[in-house]
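Student: I have a model open on my screen and would like to learn how to read it. Could you walk me through it?

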Amino acid sequence: MHSHDLLPRPRRNGVADAALTRLNSHWPFLASAAVVCSWVLLTASVNPAQFADSVEEYNWAHGLEWGYWKHPPLTTWLMRVIISVVGVSHWTSYFAAAVCNVATLWFMWQLSLLLLPRRAAAFAILLLPLHHSMSWRAQVFNHNTVLVLMSSALVWAVVRATQRGRSSDWALVGLIGGAAMLTKYQAVVPIMAALTALKMSGAMEQSQCRRGIALATLVGMVVFLPHLIWEVSHDWPTLRYVEHSAPVLALPARFVAVLKFFGAQVGLYVAVLFTAALAAFWPSRIRRSPVESAVQPQMVWIWSLVLVPVAIVTAIALFVGLKPPRDWGIQTLQFLPLLLAALLEGRKEPVSLRIPLLASGIVGVGIASFYVYKTTDASEIHKLNSADRVFPARQLAGLVMRDWRQATQCPLRYVEGNGFTAGLVSVYSGAYPQVLEEGDHRKSPWVDTNRMTEDGWVQIEAPISIGQAGPVRVQSLEVPADAKNGGTALVRWKIHPPNRRCKDVQIPGETGSTRSAVEHG
């Protein structure tokens, strides 16, 4: 093996050697996972708060439903499971994000091994931590996080089922496909990409494949059916949310929206693209082994996984008129590293795997330093496009709990108001009370409003401009705001004490004693 070749040489004997060989064979995945987990650990350590999407999952995890007012249920179910295992703290969402991102890397690694020569697969997986979603945004646990995971798992399962042809493998495809649709309806995009690849590759001409697709479809429909029934019975809340949050664009604006969308994706992929370009022109003295030369990239699959999502997003923007959010690019182009690695297979010499490793180290340290600076420097906080992660969550929760305890010795069980600020109080207070979003029972149907009136609650507003706040007659806190909103805002809250006697309440300062406290409504 050449000294520049980082792929491991197989060991020959011994159980320990076999285990070490297996571990070494997955080092590209392990290296990428280490980078992503380092990002999650860094952001969790320096952030005063976290992004609103992550807070949202805490709010919804109080109730197990077949759907929620914005999204299908799977992501919230996962949050509920993780809370039941590790408990509730501000670390819980970061842990969930790390688990999902590592699982995504694993399925992408396994898929790459099925579609690419081993070195190209290693190069592809080492490119992933250079993307914005696996570095700066690796901390976020939301529906896109789980959607990317389910998309990679789904495509891996389809390729695997195509190669094996077993009914159990196709049943697994249906199970994952149904679960993906329970994450976000955008899961139809990788499903269409996989079907296109099956058609273009000629796999659908085999009756065994067609029977497998039929079985997968049946299983997927069974998995998705309860949510569909929930949507119908609740008057399609998820689709109504999309309708109200994404207005239809005029025809000229649609072309502009497409250009802006893909222009933003170039910015998010700039480190990936630069690393691939560097690898393309960097001289290499590595010799391609006969085994590697015999394996060719499955380009029909790879092109389908890249071009079909691009075509679907473009068609939605141009013909339906919906403006594609920047976050759609995370899933739309998630298989682009496989294409870059496949194209680099056309080189006479194999690419050096040291290049993406060094790029991850150099770029990662640079971006991480910039992230810490933007998050901790007081002069920079008010310039951010999103102030979610720099919100003084602990201070806000501490002040709210102080005011609550001054009014009552009963435990805080409910917070009502803006999903983000109310959710932060819930998570960072240590009490994890239920959140009634915007006072709307349709958004939080698990909240018993009669019980809430009896037990008392905290009412908290969304951040508002200080100039619009008017005279402050209730408790308040000045907080950072987006740069476009002036960099500073005000959060206000009001205590609504319980209307009944508390039972078995621990009175602060009376360690070891428990007594009832009478409260005045």
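Student: Among contacts in the protein chain between residues at least 6 apart in sequence, what percentage join residues at least 24 apart?

Tutor: Contact here means heavy atoms within 4.5 Å. Of the contacts between residues at least 6 apart in sequence, 74% join residues at least 24 apart. Bear in mind that this is a predicted model, where local features need pLDDT of at least 70, side-chain atom pairs count only at pLDDT 80 or more, and totals for chains, interfaces and linings use all residues. Residues are numbered from 1 along each chain as its sequence is written, and side-chain values use heavy atoms, with hydrogens and water left out.

Student: Where is confidence lowest, and where is it highest?

Tutor: Look at pLDDT, the predictor's confidence in each residue, from 0 to 100. Helices (H or I, at least four residues) and strands (E, at least two) are DSSP runs, numbered from the N terminus. The lowest mean, 35, belongs to strand S8 (residues 514-515), and the highest, 98, to helix H8 (residues 167-181). Over residues 504-521 the pLDDT is below 50, and this stretch has 36 contacts in the model beyond near neighbours in sequence. Where pLDDT is low, the predicted coordinates should not be read in detail.

Student: Which residues of H15 are buried?

Tutor: Buried means under 20% relative accessible area, exposed over 50%, and partly exposed in between (1.4 Å probe, protein chains only). In H15 (residues 299-320), the buried residues include Trp301, Ile302, Leu305 and Val308. An α-helix has 3.6 residues a turn, so residues three or four places apart point the same way. Among the partners that the buried residues of H15 pack against are helix H5 (91-115) and helix H12 (251-268).

Student: At what angle do H3 and H21 pack?

Tutor: Axes are lines fitted to C-alpha atoms, for helices over the stretch in contact, and angles run from 0 to 180 degrees between N-to-C directions. Helix H3 (residues 52-60) and helix H21 (residues 419-428) pack at about 65°, their axes 9 Å apart. Val55 and Tyr58 are among the H3 residues at this contact, and Phe420 and Leu424 among those of H21.

Student: Is Ser54 buried or exposed?

Tutor: Ser54, found in helix H3, is buried, because its relative accessible area is 1%. Ser54 touches Ser93, Gln139, Val140 and Phe141, not counting residues up to four places away in sequence. Asn142 is 88 residues from Ser54 in sequence, yet 5.7 Å away in space, C-alpha to C-alpha.

Terms used: The expected span of a helix is 1.5 Å times one less than its number of residues.
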